Amino acid sequence: MSGLRVLVTGAAGLVGAEVAARLADSGHTVTALVHNRPELVRNDGTVVRTVPTGQSGPGLVSCVAGDVTKPMLGLSAERYEELATGLDRVVHTAATTDFGRRWETYESLNVDGTRNVVRLAAEHTPVPLVHVSTAYVCGERTGRVLESELDAGQRFGTGYEHSKFLAEQEVRASGLPVAVVRPSMIVGTQESGLIRDFKNMYVVLKLFTQGRVRSVPGFYDALLDLVPVDYVAALICEVVDRFDEARGRTFHAVGAAPHTLLDVSNALAEYPMFHVPHYMSPSAFSVDALPPDERVYYRRIIAMYESFFRRRARFDDANAAGFASWRPAATGVDYLRTLLDHCVRVGYLGRSEPGIGDVLRLVGSAG
Ligand SMILES: NC(=O)c1ccc[n+]([C@@H]2O[C@H](COP(=O)([O-])OP(=O)(O)OC[C@H]3O[C@@H](n4cnc5c(N)ncnc54)[C@H](OP(=O)(O)O)[C@@H]3O)[C@@H](O)[C@H]2O)c1
């Protein structure tokens, strides 16, 4: 279906920009809700051309600056009303994906922000909402996790995933026509490993490969689910287009198969310039036993991701598999090589080593 009027929140983000651009390319009229960053940059670095709101139309993207944490998204009453009456779909991607934020930030942005977007969609005739959640709303559950499941009494490893869980509950309780897409860890494209933002696990990878963090509490058979950014964006766009089929369903946007930490270690070991971390049983691990530099990295960064080195969730994606036109190919360790090769090619990994302060600043954890 083309020619829909779609609001994309978080439209300058990694997922949002790609989704907004793809929706416009397929003939939809896109309103991009932007926040601090005004520009939409696609995953390949291309800047999305935008038009003033008055000139919006099929195939075009116009921007509105707003704040999902505020009532009426921080818009004027007139602008809010105009937006609320002129939509066929809302795609909600705005969130903080950072780990280690204060709970108040997660609550205000990820939970209250979602509630405010739900209110907009429910303001007049209910507008179908495509909510972008995370597969990790399953928390620290082990084993097979179904798309139909949400509250299984799970424990959460991070405030981020807890807030996304609460946001999903808001969406489900809203009474709106909704579809939920739950990506796992979003990484580079299937073909080339290209990624616009080296965040989250990429930061950890940098510390590992530079040998700044050598010992990590975790298990070699823990599972990491990595999903290509192009697949996530394509699936969200398909859900927008074929909402009647997607309505009421949840889709795990996950990789073809999860990688064990042993797979990741083996892939890293193929690169002579990389250090490879050593995983220790969490019961035997002691932060105090780490060398002083490593202790700093552990406390400031690794501790936020630690639960991911213990998890063993397998995301069932039967809904997504039966719905999506394409899915990531089961390329196993080849895909890890593709991702690592890209990081080396663009100089993200394997460069000469800056000092500890430089690295902490780079990952936004200094101070
Ligand atoms: N990246 C992943 O690995 C991953 C995995 C699973 C699920 N997800 C989910 O996918 C969605 C998109 O993630 P992403 O990686 O694209 O995140 P991202 O790159 O950090 O983008 C998030 C966007 O939200 C906007 N935003 C932040 N605060 C806002 C506010 N108060 N009002 C309005 N907009 C605000 C940001 O704008 P400014 O930068 O201008 O503030 C940014 O454009 C999120 O819902 C996330 O939970 C992501």
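Predicted model: local features only at pLDDT ≥ 70, side-chain atom pairs only at ≥ 80, totals over all residues.

**Reading salt bridges and helix packing**

Student: Which residue does the side chain of D88 meet in a salt bridge?

Tutor: The general idea is that side chains of opposite charge can pair when their charged atoms come close. Here the partner of D88 is R5, with 3.1 Å from N to O. The pair links distant parts of the chain, 83 residues apart: D88 sits in the loop between helix 2 and strand 4, and R5 in strand 1. R5 is also partly exposed, at 35% relative accessibility.

Student: How many salt bridges does the structure hold?

Tutor: There are 26 of them. Another one joins R115 and E170, whose closest N and O atoms are 2.9 Å apart. This pair, too, links distant parts of the chain, with R115 in helix 3 and E170 in helix 4, 55 residues apart. R115 counts as partly exposed at 29%, and E170 does so at 24%.

Student: What about R299 and D288: are they buried or exposed?

Tutor: R299 is exposed, with 51% relative accessibility, and D288 is exposed at 57%. They form a salt bridge with closest N and O atoms 3.3 Å apart. R299 lies in helix 9 and D288 in the loop between strand 14 and helix 9, so the pair ties together parts 11 residues apart in sequence. Salt bridges can also form a network, as with E18, R22, D25 and R42.

Student: Now for helices. How do I describe the way helix 5 and helix 9 pack?

Tutor: Two packed helices are described by the angle between their axes and the distance between the axes. For helix 5 and helix 9, the angle is about 135° and the axes are 10 Å apart. That makes helix 5 oblique to helix 9, and the crossing is left-handed.

Student: Which residues meet there?

Tutor: From helix 5 come M201, V203, V204, L207 and F208, and from helix 9 come Y297, I301, I302 and Y305. By class, this contact has nine nonpolar residues, no polar and no charged ones.

Definitions and conventions:
Residues numbered from 1 in each chain as written. Heavy atoms only, no water. Axes fitted to C-alpha atoms, helices over the stretch in contact; angles between N-to-C directions. Helix = DSSP H or I, 4+ residues; strand = E, 2+ residues; numbered from the N terminus. Parallel < 35°, antiparallel > 145°, perpendicular 65-115°, else oblique. Left-handed = near helix turned anticlockwise from the far one by under 90°. Contact = heavy atoms within 4.5 Å. Nonpolar A, V, L, I, M, F, W, Y, C, P; charged D, E, K, R; others polar. Salt bridge = Lys/Arg side-chain N within 4 Å of Asp/Glu carboxyl O. Buried < 20%, exposed > 50% of the residue type's maximum accessible area, 1.4 Å probe, protein only.
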